[in-house]
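Trainee: Could we go through this structure together? I would like to begin with a sheet and then turn to other parts.

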Amino acid sequence: MGRTFVGMPPFPVAARTALADSQLRRNLAHATGTIRGKRAGAVAELEDWEDLGAQAAAVKDRTLAHLDEHLVALEEALSARGATVHWARDAADACAVVADVARRHGIDEVVKVKSMATQEIGLNEALAEQGIAAWETDLAELIVQLGDDLPSHILVPAIHRNRAEIRDIFRTRMAAAGRPAPDDLTDDPAALAAAARLHLREKFLSARMAVSGANFAVAETGTLVVVESEGNGRMCLTLPDVLVSVVGIEKVVPTWRDLDLFLRLLPRSSTGERMNPYTSMWTGVTPGDGPQEVHVVLLDNGRTRALADEYARQALRCIRCSACLNVCPVYERVGGHAYGSVYPGPIGAIINPLLRGVGQDPQVDALPYASTLCGACGDVCPVAIDIPGVLVHLRTAVVDAHRSDTRPTAEALAVRAAAWTLGDARRLALAEKAAGGAGRVRRGRGMPGGRGAVSWLPFAGSRWTGARDLPLPPRESFRAWWRRGGGTEEGRR
Amino acid sequence: MATCLGDAMFPEAPRATVRLLRRLGVDVEVPEAQTCCGQPMVNTGYLDEAVPLVRTTVSAFEGFDAVVVPSGSCAGSVRHQHGIVAERAGDPALVDGVARLGPRTYELSEFLVDVLGVTDVGASFPHRVTYHPTCHSLRMLRVGDRPLRLLEAVRGIDLVDLPGAEECCGFGGTFAVKNADTSVAMGSDKARHVVGTGAEVLVAGDASCLMHVGGLLSRQRTGVRTMHLAEVLASTADDPWTQEATR
């Protein structure tokens, strides 16, 4: 158990593999289509939806601008209520804190609430190296974990699986992890859920330590908030004696009044529900009730790097609703694995380069280009992150990071050649005249202007003509037509 | 603004735009200094390389009342991206020039409906047509249903709804070659929807998107032609638009 995204090929290569999987494409199209429809209905119910989003974005921006102060306030409030606060610069720091707590209590098994931050830092794998088993208790995360698979969606990590595949995973893998699935398990969703409930119930009742993330951290009282649908989170947050929560530093909101906005936005934008079934809130330690030892790990892991970019820091507003994944036509066709991160889709294409930095890893550098800039993601974002704008901004950062390379790429040379040709009308006119020669050589029909089609081009051109024709260049450019009196009667033909 | 793609590869679109605007009584000029708005460079991350192109564009279109662009994405680039390029260049004069150009720049359907105040441009096009609203016209410029209102007023047109119309066709500029497989997968779904409408002609307001979907429609021998919105609107009963004229 414990596959990671380390070593994944860059997006274009990974996408090609995913596109060849027709079952995956059917699963994704069906699932994202369903969530899209549900969300649209839930959002349409609120007349002030856009206004709520603008307010929420303003709260996040204000908080991020003074993040240091809000984090110190959060730490003070948490400490005053009996929680132990740890600051983690990176993944290794955070994983070490969690492992330390487990080791001190002699614990070798923990239950987990679904958490993006712990996925991001590879906590399960780090704990496994220390001999500590971390059991995912969210149904979809359980499917991914038992299947020795990788998550492919922020909200629905097993979205790439259909129920027949899930039944097979439960039948073959559940026994090794605890209570086995019944022999007569069918692919009926209720039967699959019942098998998972029985399997997980054992974990909830035996685990002495839980690990969670948090959707929000309210600075004024030191309250952490987890929003979930299945009740597994509530079990993990109340039953074990020890609770460790790994919280990204951007999750802080100053006040409960601020929190209110986000609790209205998140369920509608993520699952398309007016309200999510379970919202758990806890403030440090409550004597005699719930976990008696509470730790909070405040995680940086690249967030201050993202914060330093004054334009792109808007990505830190993200509340992980995954609406942008569900509307993305690229995501719908290739799925989440191609992004090579626990954060896939449009938000992944900006958050990964921001957290990890550009110019070092070709996999990361390819992510801002994994988009047609169609804008559907930006339109649907509940906290108004201009995702297409940030994508272009990060593409610029990628290009700039390679400007001092001793050998420019073929792409850079091609772009510079194009920019040179296009930089002056006379040069462009000459290029058009040369291209127009091809139109004289070959005649055809069917393409615009009644021109013939080019069906084969060499080298990089083959990436176009692999599946698409291209018209022959026109014999006369628009510029040439205009010059000989375009639009006047004699110039019209 | 002819756009570089319209100038070099699809002269039908700017030629039809000229004819249409003249018919509507607009005094049309085509500044010969224009080349490319720089969008391909900006969207691929090459901001420095876009600076001379933005400079050329700003100076070529200085002094006109309105700049009409038969492309949602080029108009979008002028209005929403040129400022970023000018800031990068650190040239206050260019920043000013961009600030003057943006508000005077209109995508074709915006100019017709908002500036000229017409939806019936007197066009006639007796064919079965389906319309694909391009992403940048829809989500960057917010042209809304202006192109459809223009098309609905065309005599003899049989305008049929395109299923999944608002979903991207998969072109995406350099995305089409950098992520060719995904681009083609998206375009194939778009082409399938187009063919399903039974339309003879696929119409859109961006030659680039039409180049992509049209390339797939041609390769798959569907028999569906692509035409720019301007070509349909330029066509009249007395003087039907024939693409062969621009061959």
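Mentor: Let us begin with one residue pair: Ala217(A) stands opposite Val252(A) in β8(A). Strands here are DSSP runs (E, at least two residues) and helices are runs of H or I of at least four residues, numbered from the N terminus. This is a predicted model, in which local features need pLDDT of at least 70 and side-chain atom pairs count only at pLDDT 80 or more, while totals for chains, interfaces and linings use all residues. Residues are numbered from 1 along each chain as its sequence is written, and chains are lettered from A and ligands numbered from 1 in the order in which they are written.

Trainee: How many bridges join β5(A) to β8(A)?

Mentor: Two bridges join β5(A), residues 216-218, to β8(A), and the strands run parallel. Pairing requires at least two bridges found by DSSP between two strands.

Trainee: Which helix packs on the sheet?

Mentor: Helix α12(A), residues 256-270, packs on the sheet and touches β5, β6 (223-228), β8 and β9 of chain A. Its direction makes about 165° with that of β5(A); axes are lines fitted to C-alpha atoms, for helices over the stretch in contact, and angles run from 0 to 180 degrees between N-to-C directions. Contact means that the C-beta atoms of two residues, placed from the backbone, lie within 7 Å.

Trainee: And what is the strand order in that open sheet?

Mentor: The four strands are ordered β8-β5-β6-β9 (chain A), with mixed pairing. At the edges are β8(A), residues 252-253, and β9(A), residues 278-283, each pairing on one side only.

Trainee: Changing topic to chain B: why is helix α8(B) largely enclosed by the rest of the structure?

Mentor: Because six of the eight residues of α8(B), residues 108-115, are buried. A residue is buried if 20 or more other C-beta atoms, placed from the backbone, lie within 10 Å of its own.

Trainee: Which residues of α8(B) are those?

Mentor: They are Leu108(B), Ser109(B), Glu110(B), Phe111(B), Leu112(B) and Val113(B). Their packing partners in chain B are α2 (12-23), β1 (67-69), β2 (105-107), α10 (146-152) and α14 (229-234).

Trainee: What follows α8(B)?

Mentor: Gly117(B) follows α8(B), and its phi is positive, near 70°.

Trainee: How many residues of chain B are in contact with chain A?

Mentor: There are 63 residues of chain B in contact with 62 residues of chain A. Elements of chain B giving two or more residues to that side include α1 (4-8), α4 (47-60) and α13 (207-219).

How values were computed:
A residue is buried if 20 or more other C-beta atoms lie within 10 Å of its own, exposed if 12 or fewer, and partly exposed in between; C-beta atoms are placed from the backbone.
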